[in-house]
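I opened the model to look up a few things. My notes follow, entry by entry.

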Amino acid sequence: MKYLNEIQKRRTFAIISHPDAGKTTLTEKFLLFGGAIQTAGAVKSNKIKKHATSDFMEIERQRGISVATSVMSFEYKNTLVNLLDTPGHKDFAEDTYRTLTAVDSVVLVIDCVKGVEEQTKRLVEVCRMRDTPVIVFVNKLDRDGKNPFDLLDEIESELKIRLHPLSWPINMGRDFKGVYNLYDKSLLLFKPNQKATEEDYLPLENLNDDILPVRIGEKDAAQLREDVELLEGVYGDFDRESYLQGKVAPVFFGSAINNFGVKELLETFIQIAPLPQHRAVTTRVVEPSEDKFSGFIFKIHANLDPRHRDRIAFLRVCAGKFERNKYFHHVRLHKDVRFSNPYSFLARDKDVIESAFPGDVVGLFDTGNFKIGDTLTEGEDFYFTGIPSFSPEIFKEVVNKDPMKTKQLEKGLLQLTDEGVAQLFTQFGGNKKIIGCVGELQFEVIQYRLLNEYSASVQLNSLPFYKACWLTSKDPKKLAEFIKFKSSNIAEDKDGHIVYLAQSEWFLNTERTNNPDIEFHFTSEIH
Ligand code: G4P
């Protein structure tokens, strides 16, 4: 295998969490360990905390930041770690889901006070769909959180995943003393607001070691012995294979802000996390070790500078070697393209790169040739599968306020929807343009960007739909009849697929019951 060394060096993952659980803080600590940044506070959070119109400007400003922090690569102990950022705000959840198609594993952060939150569930669902291996980091142990056994129960039942704790806390909040590492049987003692030092790390022969009560007190030592006995009885030995198959999620406890438990998490991550994985394409399975290059676009980012319409397309390399200035095959456009300035996200030199390997993410300058899900190869025709388009939940009709700018508006709508900001539908048989989004904030972004980048002024009128379902049927006659009957609820998506826009759950259920020969799909795969 030609590039085996390169493949074995790489780990590509994302940190996911409900907003405020500590994703940004943990990311920053990882980067500090990786030497990618020198000081705390260097990673700017790109989350949008409130939901307000004034957020536009904030979004604009932060788009610059989020390009920079979209992918963060660093080396740690001879491993090249590619950390893909995911937006925290729920209105941008689709962006997160797509980013998850480009990683090989995730670290899930849970706040020990709040436990499992709404977005945690949705994110883990997406991981489960793809059997993505998950490591759980229970954060904020310096606060009085839920009992750790209760937390494990809650996570297992709410997220429907099996857990395997690899570390265990000694108290929480004000009494928090540290964590016991069940994996390498050592004790890490906590000192608030201090970085962990070598002396705080205590390897133990076993938990009957005399040093234990000396360091944490008789009572806590006894409790720890009892907890560990129970845990070992229940969970047994850790099975890496089950983790790699996405069946068991190892759990770590710590406090990101205090840089506590983070190094242990990172070191275990490097040891157990999957290498760049194979991926399904429309015709077969692509192995990372293949000689020939292939990869796909999972994210497109508009340029901050409105005078330059070019965008940055994020390419995940899946197989072979990506090379600068080499011609690759753009499958959808049936043409060969090459890139003179592909750039890497290695924090030390955010610069033009000569080559990239499976697991890497490359930034490509794009003048409108790419849309999400596009595949590049060395000639073979296929698409990577499993890149989802979710059913939008809010729909608005686009009304052009300036007929002189019709062309610009159409171009803008196409480009913004290529970026995956929203989905565009055209009413069947007419030309009413409808955009569908997951959250209100995206409409504000669209309106703002259409005006600023394309000089197109639009009004967005709410439509009384609550879901878009993609329709298929083995019986074309039945489908044609349904379309004819329900024409005011039918639209086409950008690729010409038929979509049913349901006014309410009741209507949707009724139509599904009345039309058993038609399948209603809530996600469409881009390919
Ligand atoms: P997010 O990206 O998941 O949204 O979370 P982020 O890291 O921004 O953390 C959310 C808040 O939680 C921040 O406080 C952060 O300082 C705090 N935090 C992170 N880790 C810990 C921890 O281990 N213990 C405690 N007690 N707090 C933690 P904030 O007040 O919202 O923001 P900031 O003003 O500190 O930036």
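This is a predicted model: local features need pLDDT of at least 70, side-chain atom pairs count only at pLDDT 80 or more; totals for chains, interfaces and linings use all residues.

I began with the pairing of strand 1 and strand 4 (residues 105–111): the two run parallel, joined by 5 bridges.

Next I checked what else strand 1 pairs with. Strand 3 (residues 79–84) is joined to strand 1 by 5 bridges, and these two run parallel. Here arginine 10 stands opposite leucine 80 in strand 3.

Is strand 1 covered on one face or on both? I found both faces covered. Arg10, Thr12, Ala14 and Ile16 are buried on one side. Arg11, Phe13, Ile15 and Ser17 are buried on the other. The count for strand 1 (residues 10–17) is 8 of 8 residues buried.

Then I turned to the ligand. I noted 19 residues around it, the closest being Lys23, Thr24, Thr25, Ser255 and Ile257. Which helix gives the most to this shell? I noted helix 2 (residues 23–33), with 3 residues. By class, I listed 9 polar, 6 charged and 4 nonpolar residues in the shell.

I followed strand 18 to strand 17 (residues 328–330): they pair antiparallel over 3 bridges. Phenylalanine 328 stands opposite valine 337 in strand 18.

How values were computed. Residues are numbered from 1 along each chain as its sequence is written. A residue is near a molecule or strand if its C-beta atom, placed from the backbone, lies within 6 Å of it. Helices (H or I, at least four residues) and strands (E, at least two) are DSSP runs, numbered from the N terminus. Ala, Val, Leu, Ile, Met, Phe, Trp, Tyr, Cys and Pro count as nonpolar, Asp, Glu, Lys and Arg as charged, and the others, Gly among them, as polar. Two strands pair if DSSP finds at least two bridges between them. A residue is buried if 20 or more other C-beta atoms lie within 10 Å of its own, exposed if 12 or fewer, and partly exposed in between; C-beta atoms are placed from the backbone.
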